[in-house]
Amino acid sequence: MKIEKLYENLNTYVSTLEESDAATVKKLAADPAAPALGDSLTLLASILREVRAEIATAKAKSTGRRGILGAARRLLKVAETMTRKDFFGAWTGKDGRQYICSGFHGAALNEPLDLPESAGGEMVEVEILGSRRGETQPLSLPTASQVRSHIKICKAEKDFFCGRKGHIVWDFGPGLPLVNAQYLLDMLELLPDACAVCHTQNTEISPIYFTCAAGDGVLLPARPPENYTRENTANRYAPAPEEIHQEEPEKLNPQETPADLTPNLQEDKPMKTGDIVQISNAYSKSYNGLYFVEHSPGDPGWLGTDYSLHRITKAGKLSTSKYNTHFWPLRTFSNNREYTAKADAWNAEHAQIAPATVKDLSQIAAHFQQKAEGAKKYADHYAWDWGEDHPEVQRGRACQALYESIVHRLCPEGIEIPSVPEENPTESPEEIARQIAEREAAEKRRAEVERQIQEGRAYIEKISQQYPIRPGEPVVKIRWSEHPAFYSWNDDSLDLSPAAAEIVLGRYDWERAEEERGGYEKTKFLITWTDEADETHSYEGRYDLGDNDGGLVAHIRSFAACRRKHPYNTAPEEAEEEAKGIEALADRLAACTATVAGDVVSFTWAPWLEATAQQKRKSIQDLHDMVDLLTDEQLEEAIRTVDPKDSEKESVAKYFLQILFQRNPKRALEFFRRWRSGEA
């Protein structure tokens with residue numbers, strides 16, 4: 001469950017309490033200094049405070065999720081609701097800067113964004129730059145992460161401003177502006193690192209003016225009603241993330257390192273996965289302690305270039321704390337650049353790592369034993385589909401061998417490894433039957449893929465020999481494909497003539513479209529050719545086999561028409577020119593795919609045949625719709641009419657059983673056992 005959903009559920013529970021109790025909980029939850037009395041209401045308020053602080057910290061750590069362009073587009077979305085379209089939108093001002101305004105907040109950007117232009121208004125430009133008129137006083141701005149977490153918390157609490165539209169607000173405190181929190185977030189993202197001021201007179205209704213290297217901006221306040229209690233919203237929340245873990249470093253002298261620790265383990269003897277180590281003299285004391293090496297550079301399945309360390313206790317127990325993983329060399333993760341640079345410089349000079357011992361290695365061995373079993377399950381799973389020679393299967397086997405060797409090294413003969421509890425200690429007959437069915441289905445899929453691979457190679461080689469690449473004509477390179485028929489070739493290793501590509505792609509496109517399972521299989525191709533001026537050209541595309549485009553030439557013509565219809569960010573005349581070039585390529589290919597040696601290379605369905613196929617597909621869909629109208633009892637009655645030993649009608653029973661299983665798996669399995677045993 002996401003922490004925001006947990007917080008929402010807690011507030012829903014609070015709303016079910018008596019009115020006086022709910023008010024007490026909300027009051028205590030809003031007060032960080034509330035006393036811990038030990039009763040149920042105080043405990044519930046404490047949980048709400050901790051969860052809310054967790055939301056604020058988590059959201060504060062996420063940076064760069066919404067950029068300047070996203071904030072500008074949200075501002076313009078608000079502008080769309082305004083009636084005076086000539087005053088609100090995006091336009092270029094007389095000073096050459098780009099102005100954007102919603103009617104409630106706006107900005108003048110020094111570097112323009114890709115936004116739709118509107119007429120604009122000189123009066124709005126003057127208001128955006130209004131901070132240059134009159135005396136002003138500075139405002140302390142929150143971070144974008146703080147405002148974002150505040151919005152999420154208020155949504156969970158259903159704590160909306162009592163105004164007509166029920167917005168969430170950010171209050172700068174009594175005597176200072178009260179603003180729409182979402183608009184404030186837009187301004188903080190639109191003008192990062194901005195400073196803000198408001199006028200010294202009538203500060204409660206004074207606009208907030210922003211200025212930074214990116215430009216200037218203005219945000220209009222909301223007028224609070226008479227009975228509205230004012231407070232500084234920033235006081236509700238914990239310190240910003242840059243203030244976390246910024247304790248002063250321990251005043252350690254590098255010469256005071258314990259005598260049993262070597263200066264640096266990596267210079268003495270390289271660390272390896274499974275080693276027990278101790279970190280000392282780190283900038284933050286929370287980094288010092290015992291660890292075991294969970295991953296090392298070069299381990300199968302580990303792409304990192306650093307060592308991954310997992311914290312443990314002196315007794316050898318694995319830490320379950322939130323920050324129990326670190327890397328060597330030490331890395332500092334903080335939003336405060338100054339603190340990060342200071343910590344990294346200290347750690348590079350003073351932090352040390354050395355071999356260590358713990359009382360009991362059995363729990364660490366059990367950890368690697370569990371990883372070995374997980375690697376084995378991973379390899380076994382993919383071996384069903386791809387075989388033991390597949391790279392993913394070999395990687396899983398390598399991980400399994402590594403972890404098993406670590407277990408043997410940590411716990412030689414005579415040391416008992418704690419048993420790892422199974423996910424399903426006792427499996428029901430239904431679960432066993434399901435697993436058997438899954439293995440059988442996987443085996444069938446694997447056999448079908450092997451058949452498609454073999455038949456596909458034979459067919460493509462045959463067509464390639466019948467229609468070889470002739471001098472001067474384009475070459476179609478199959479870069480890669482999801483269709484098994486192309487699995488025999490490595491990427492970029494299959495070259496076809498236009499005629500062969502037309503036949504091969506057209507066939508597999510039609511066959512895939514006729515399959516009932518739906519979907520498509522992506523196939524990327526590259527066409528290269530030399531024109532009359534002896535200049536080389538290329539065209540790269542992707543043919544989705546199963547879309548029934550009608551062959552390579554028809555597919556390329558269809559893309560040209562799509563490019564002409566949807567120019568996207570390209571000017572219409574440029575899109576038209578590009579579409580003409582693509583159509584010219586299609587004509588060149590069509591000339592090469594004309595009738596060769598009396599064989600038809602490409603074809604188009606006759607109207608009556610296409611109508612028949614459409615009618616067949618509609619009949620199948622009508623059958624599915626009709627079955628959906630049957631009740632569970634009617635489905636069971638239909639299955640009872642089939643003898644379990646009748647192999648000819650077995651598919652009918654399977655069809656109805658699948659429908660019943662999709663609706664109610666437990667009921668379907670119970671009925672299946674009774675039907676198979678003759679008791680139904």
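Colleague: What makes strand 11 and strand 12 a pair?

Modeller: Two strands pair if DSSP finds at least two bridges between them. Five bridges join strand 11 (residues 289–295) to strand 12 (residues 307–312), so these antiparallel strands pair. Strands here are DSSP runs of E of at least two residues, and helices are runs of H or I of at least four, numbered from the N terminus. Keep in mind that this is a predicted model, where local features need pLDDT of at least 70, side-chain atom pairs count only at pLDDT 80 or more, and totals for chains, interfaces and linings use all residues. Residues are numbered from 1 along each chain as its sequence is written, and side-chain values use heavy atoms, without hydrogens and water.

Colleague: Which strands are the edges of the sheet?

Modeller: The open sheet has five strands in the order 13-12-11-10-14, with antiparallel pairing. Strand 13 (325–328) and strand 14 (352–355) each pair on one side only, and they are the edge strands.

Colleague: Why is the pair of Phe 368 and Tyr 403 called tilted?

Modeller: Rings of Phe, Tyr and Trp (its six-membered ring) pair if their centres lie within 6.5 Å; planes under 30 degrees apart are stacked, over 60 edge-to-face, and the rest tilted. Phe 368 and Tyr 403 are 6.1 Å apart centre to centre with 35° between the planes, so the pair is tilted. Phe 368 lies in helix 10 (residues 362–386) and Tyr 403 in helix 11 (residues 391–410), so the pair ties together parts 35 residues apart in sequence. Ring pairs also link Phe 292 with Phe 368 and Tyr 403 into a cluster.

Colleague: How do you know whether Phe 368 and Tyr 403 are buried or exposed?

Modeller: Buried means under 20% relative accessible area, exposed over 50%, and partly exposed in between (1.4 Å probe, protein chains only). Phe 368 has 0%, so Phe 368 is buried; Tyr 403, with 7%, is buried as well.

Colleague: And what kind of pair do Tyr 459 and Tyr 508 form?

Modeller: Their centres are 6.0 Å apart and their planes 80° apart, so by the same cut-offs the pair is edge-to-face. Tyr 459 counts as buried at 18%, and Tyr 508 is buried at 4%.

Colleague: What makes Arg 507 a charge over the ring of Tyr 459?

Modeller: The rule asks for NZ of Lys or CZ of Arg within 6 Å of the ring centre and within 35 degrees of the ring normal. Arg 507 lies over the face of Tyr 459, at 4.0 Å from the ring centre. Arg 457 lies over the face of Trp 489, at 4.8 Å.
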